[in-house]
Amino acid sequence: MNIVKRELRAHLKSFIIWNVCIFLFIISMTSEFSAYYDNPDMAEVIEMMPQQLLDAFSMSAANLTTVSGYFSIASVYFVLLLGIYAGLLGASIIAKEERDKTAEFFMTLPISRYRAITAKLIAAVLLCLAMDVSMIGQLYAVTTQYDKMADFNTFMWLMFVSQFIVMMIFMSIGMLLSSVMKRYKKSGSYSMGLLMFLYFVSIAIGFKKELENLKYITPFKYFEPSVYLRELELDPVYIFISLGIILVSLLVTYVVYPRRDLHI
């Protein structure tokens with residue numbers, strides 16, 4: 001428990017900074033929404049856009065003039081921001097002992113590395129959960145002035161769950177990369193490189209239907225907001241794939257990290 005508290009304190013500053021940045025982004029998106037809200041002309045503009053462009057950015061099934069429809073599109077960028085935060089958190093929470101030159105002290109603690117990893121994992125999960133809850137709370141706060149459809153609460157719940165799953169994917173991958181790479185300083189960069197690659201793959205799938213099968217390798221296509229806004233449920237296939245990625249990444253972390261030499 002002491003390690004969990006230590007990790008939470010160590011990452012509190014970055015948590016607050018990210019929270020503020022996401023809130024400012026939500027404010028900017030909400031101010032833009034005021035031009036779309038109950039404006040049929042905007043709906044016609046969307047209909048005139050090329051279908052490939054709509055598919056690439058998950059806009060084909062969304063009604064921008066409603067709160068749920070607009071934020072189903074905006075949530076694509078929320079997931080990207082939250083994924084970046086989770087990936088960097090996963091990489092740094094493992095590498096921080098070597099980065100901050102506290103590895104020697106860390107190794108003298110009367111606990112096993114398995115317990116240390118578990119404590120770090122708990123702290124990372126709590127931080128990701130708090131970030132997701134905060135973001136959803138901010139969305140509720142800024143949309144109080146607008147009339148919402150009956151399915152708004154269900155949509156927000158599905159957004160919360162899907163975002164958290166994606167965060168867990170990139171957090172676990174970040175922990176994995178930080179554990180297996182000897183150049184621990186590069187783990188965050190590689191995590192972000194992988195995340196951006198998968199994001200651009202998800203966009204490319206929208207432009208090229210021949211790439212449809214690649215949707216299984218990019219988490220950004222697992223839970224498309226426009227889809228679960230329409231169906232009001234998450235695809236269980238992608239839930240199982242996500243759990244598989246998370247479990248495999250964490251398993252490798254638990255196997256590799258206790259055996260690696262820490263740079264003192």
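Buried means under 20% relative accessible area, exposed means over 50%, and partly exposed lies in between (1.4 Å probe, protein chains only). This is a predicted model, in which local features need pLDDT of at least 70 and side-chain atom pairs count only at pLDDT 80 or more, while totals for chains, interfaces and linings use all residues. Residues are numbered from 1 along each chain as its sequence is written, and side-chain values use heavy atoms, with hydrogens and water left out.

**Exercise 1. Classify the rings of Y199 and F220 by burial, then describe how they pair.**

Step 1. F220 has a relative accessible area of 12%, so F220 is buried. Y199, with 7%, is buried as well.

Step 2. A pair of aromatic rings is described by the distance of the centres and the angle of the planes. Rings of Phe, Tyr and Trp (its six-membered ring) pair if their centres lie within 6.5 Å; planes under 30 degrees apart are stacked, over 60 edge-to-face, and the rest tilted.

Step 3. For Y199 and F220 the centres are 5.4 Å apart and the planes stand at 80°, an edge-to-face pair.

Step 4. Y199 sits in helix 9 (residues 187-207), while F220 is in the loop between helix 9 and helix 10 (225-231); they are 21 residues apart, and the pair links distant parts of the chain. Helices here are DSSP runs (H or I, at least four residues; strands are E, at least two), numbered from the N terminus.

Step 5. Y199 and F220 also belong to one aromatic cluster with F170 and F200.

**Exercise 2. State how many aromatic pairs the whole structure has, and work through the pair F25 and F78.**

Step 1. The search finds twelve aromatic pairs.

Step 2. In the pair F25 and F78, the ring centres are 5.6 Å apart and the planes are at 85°, so this pair is edge-to-face.

Step 3. F25 belongs to helix 2 (residues 12-36) and F78 to helix 5 (residues 67-99), 53 residues apart, so that distant parts of the chain are linked.

Step 4. F25 is partly exposed at 24% relative accessible area, whereas F78 is buried at 1%.

**Exercise 3. Find the salt bridges of E7 and say which residues they join.**

Step 1. A salt bridge is a side-chain nitrogen of Lys or Arg within 4 Å of a carboxyl oxygen of Asp or Glu. The structure has three salt bridges by this rule.

Step 2. E7 meets R6 at 3.3 Å, N to O. E7 also meets K120, at 2.8 Å, N to O.

Step 3. K120 lies in helix 7 (residues 113-142) and E7 in helix 1 (residues 2-10), 113 residues apart.

Step 4. E7 is buried because its relative accessibility is 0%, and R6 is partly exposed because its value is 24%. K120 is buried too.

Step 5. A further salt bridge joins K221 and E224, with the closest N and O atoms 3.0 Å apart. K221, at 11% relative accessibility, is buried, and E224, at 18%, is also buried.

Step 6. Salt bridges with shared partners join R6, E7 and K120 into one network.

**Exercise 4. Compare the span of helix 2 with its expected value, and list some of its buried residues.**

Step 1. The expected span is 1.5 Å times one less than the number of residues.

Step 2. Helix 2 has 25 residues and reaches 36 Å from its first C-alpha to its last, close to the expected 36 Å.

Step 3. The buried residues of helix 2 include F15, N19, I22 and I26.
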